[in-house]
Amino acid sequence: MFLILQGIKFNIHQGMNIKKIYLLALTLLGFTFFSCKDDNTTDDLSGYTDALCTEFVLTDNSNIMDDLSEVYFTIDQYGILEDGRMVGQIYNADSLPVGTKVSKLLAEMTFNSPKKVMLYTSAKDSVEYSSTDSIDFSNPVTMKVTAYNNINVKYYTLKVNVHKQVGDSIDWQNFVSEPLSNAGIISSQKAVSFNGNVYWFVVNELNQNLLYTAAADDLKNWNRSTLTISGNPSMNLLSLKVFENAMYMLSENGNLYKSTNASTWNIVNTGKKFVNLIGSYTYSLSEKQFIGLVKDGEKIYFSYSNDGENWANNGEISSTFPISGYTDGAQYSGGTASTVNGLVIVGGRYQNGYLSNYTWAYDGNNWASFKPGPFMGLEGATLVTYENDPRYSNTFWLLIGGKTNLGYTNNIYYSSNKGVSWSLVSEKFTFPSSHQARGFSSVYVDSNFFINLFGGEDKSGQFNQIWRGRLNQLAFTPVE
């Protein structure tokens, strides 16, 4: 009588014990079964029980990093299917800091019932595992665990992940040079995100009103078109704001214009002469307020609207409230029932022509200024907020560039309290030397947390560029 199993033929009448053959058959079938499983297998690991690694801990070494033993390692027993075998994975989801040396680490591992544990490096060198011998984790290490029965074998890939960038820093790059084709010499510009696109408005030396459109997730490809503006007035592009489902912009003579598609603009008959627009304030999901500055006689007033059409004045502005050159308004949520929402602007130019170094905030009822910032009075700075990102719990606001009485600046300031106070950032956040100081850049923070800075100006004219940077830790994969 013969038994054939995976190409191996046994003659039972040649003295082989039937029970031993039966056990061998089950073992081989079990190995084949597990080796053919795909990545999504949910079957148990009974065939490997004696060969499993159940704990992985790095040994403390203060010369490398404090509290190495506290770094948590995930042990994924199923791992991936590789070369016909199920390879488990052991790794730290929260990567070690940049520069951590991992070429000589000690690791303490616990196994169920091993006979031998072998480690294989990328150079194919092999060594038997010992908790007292260092391991080079500069590259992934393959581990082969042979159970005490000398039959069950389990493979693992060992990875000690290290961040390649400093988390608490920003890497600024010239993302696109001259993205606006055939724009001519730009005399003014403003970009804004709206309904899944970024719209870049340009007036050139021929006084043409141009519109460049790109998908919000593809800022390298722009389509050019021409604006249609009723009455064809000269427009103040820097006044451009988004409120609810429309965009609003002022003409140079103070009329309010509205567009729902970015390309066609019609006058809004408000009966008011606008000086500037500030932005929108959110009371609740159903109640929002659009805020502007209007001139009545020789005085300038705050004016408010709930629909962008009907406006009511409410209070004369103070002599220290800016009327131009302030940042786009930054909205924030108080987060709890006991705190209020806010709208913040920074810097700008007063009615008397002087520059402001104050931050102003609106709480839904009143405007108030915080203490002066550590910067000179400036206009055309760019205000960036990060606090809505769930992976970065602290408020992280940046105030970038701008124009002072001494000229344009490349300085970047940081606030952790929604603009109440500001500090000059460390070198880890500054622009490279190739970035020319500028003011009046537009900003869009995309879904990948990149700060995209559009255009801007210096004493030589307007920039046709997109610079981008990202707080590096926002690019890191979060711990599951």
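A cavity is a set of grid points where a 1.4 Å probe fits but cannot get out. Keep that in mind as you explore this predicted model.

**Stop 1: the cavities.** Two cavities of 30 Å³ or more turn up in this structure. The largest cavity holds about 70 Å³ of space. To find it, select Thr382, Ile400, Gly401, Arg438 and Ser441, the closest to its centre among the 14 lining residues. What classes of residue make up the lining of the largest cavity? Four are nonpolar, nine are polar and one is charged.

**Stop 2: a pair of rings.** The whole structure has 26 aromatic pairs. Select Phe302 and Phe321, an edge-to-face pair with 4.9 Å from centre to centre and 80 degrees between the planes. Phe302 belongs to strand β23, while Phe321 lies in the loop between β24 and β25, so this pair ties together parts that are 19 residues apart in sequence. Is Phe321 buried or exposed? Buried means under 20% relative accessible area; Phe321 has 1%, so it is buried. Phe302, at 7%, counts as buried too.

**Stop 3: a second partner.** Trp367 sits in strand β28, 65 residues away from Phe302.

**Stop 4: charges over rings.** Go to Lys154, whose charged end sits over the ring of Tyr156, 5.7 Å from its centre. Finish at Arg468, which lies over the face of Phe175, 3.8 Å from the ring centre.

Conventions:
Residues are numbered from 1 along each chain as its sequence is written. This is a predicted model: local features need pLDDT of at least 70, side-chain atom pairs count only at pLDDT 80 or more; totals for chains, interfaces and linings use all residues. Side-chain values use heavy atoms; hydrogens and water are left out. On a 1 Å grid over the protein atoms alone, a cavity is a set of points where a 1.4 Å probe fits but cannot get out, and a pocket is an open set with protein on both sides within 12 Å along at least five of seven lines; lining residues have an atom within 4 Å of a point. Grid points are joined across faces, edges and corners, and a volume is the space filled by probe spheres set on the points. Ala, Val, Leu, Ile, Met, Phe, Trp, Tyr, Cys and Pro count as nonpolar, Asp, Glu, Lys and Arg as charged, and the others, Gly among them, as polar. Rings of Phe, Tyr and Trp (its six-membered ring) pair if their centres lie within 6.5 Å; planes under 30 degrees apart count as stacked, over 60 as edge-to-face and the rest as tilted. Helices (H or I, at least four residues) and strands (E, at least two) are DSSP runs, numbered from the N terminus. Buried means under 20% relative accessible area, exposed over 50%, partly exposed in between (1.4 Å probe, protein chains only). A charge sits over a ring if NZ of Lys or CZ of Arg is within 6 Å of the ring centre and within 35 degrees of the ring normal.
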